[in-house]
Amino acid sequence: MSYINRVVKGTCPKCGQTKVFKSNGNPLIFKLPVMHNHCSKCNYSFHRETGFYFGAMYVSYGWTVAEMVAVIVLGLIFNRSFMDMFIGIVIVLFLLSTFNYKISRIMWLNMFFNEDDDE
Ligand SMILES: [Zn+2]
């Protein structure tokens, strides 16, 4: 399975059979997504090492900037004020916070997946 395919599906990098996250979370009730500790089919550990997901913050930062730029471009296309764009950015980033959290962790996990690893 390709990197893009695994990231889009959000499945185990090794076997692609189970989901990495057991719950989606909901920003409206301030609930974060919850990850499985390991794959139930192949026992691949999703918690690679202590602090592994600190690096996912950089991926999340990239997504956040891309979303902010998208809102600004839409604001310029529809000729909105900077205050409207600012409010739009706050709303969009708040609503996409759990998406960013999940996609950045899944991307980070898959970036460091090596099929030759024993575990
Ligand atoms: Zn697996």
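Started with Leu109: beyond residues up to four places away in sequence, Leu109 touches Pro13, Val20, Tyr44, Phe46, Arg48, Phe52 and Tyr53. Contact here means heavy atoms within 4.5 Å.

Ground rules, before I forget. This is a predicted model, where local features need pLDDT of at least 70 and side-chain atom pairs count only at pLDDT 80 or more, while totals for chains, interfaces and linings use all residues. Residues are numbered from 1 along each chain as its sequence is written, and side-chain values use heavy atoms, with hydrogens and water left out.

Next I looked up the core. I take a nonpolar core as buried Ala, Val, Leu, Ile, Met, Phe, Trp, Tyr and Cys residues joined through side-chain atoms within 4.5 Å; buried is under 20% relative accessible area, exposed over 50%, partly exposed in between (1.4 Å probe, protein chains only). Helices (H or I, at least four residues) and strands (E, at least two) are DSSP runs, numbered from the N terminus.

What covers the buried residues of helix 4? I find helix 1 (3–9), strand 1 (21–23), strand 2 (34–35) and helix 2 included.

Ser104 is buried, at 3% relative accessible area, and touches Ala56, Val59 and Ser60, not counting residues up to four places away in sequence. Its side chain reaches the backbone oxygen of Tyr101 at 3.1 Å, a polar contact (N or O atoms within 3.5 Å; within protein, one able to donate a hydrogen and the other to accept it, and sequence-adjacent residues count only if both atoms are side-chain atoms).

Last, the rings. Phe, Tyr and Trp rings (six-membered ring for Trp) pair if their centres lie within 6.5 Å; planes under 30 degrees apart are stacked, over 60 edge-to-face, the rest tilted. I get nine aromatic pairs. Tyr44 and Phe113 sit edge-to-face, 5.5 Å centre to centre with 85° between the planes. Tyr44 is in the loop between strand 2 and helix 2 and Phe113 in the segment after helix 4, so this pair ties together parts 69 residues apart in sequence. Both are buried.
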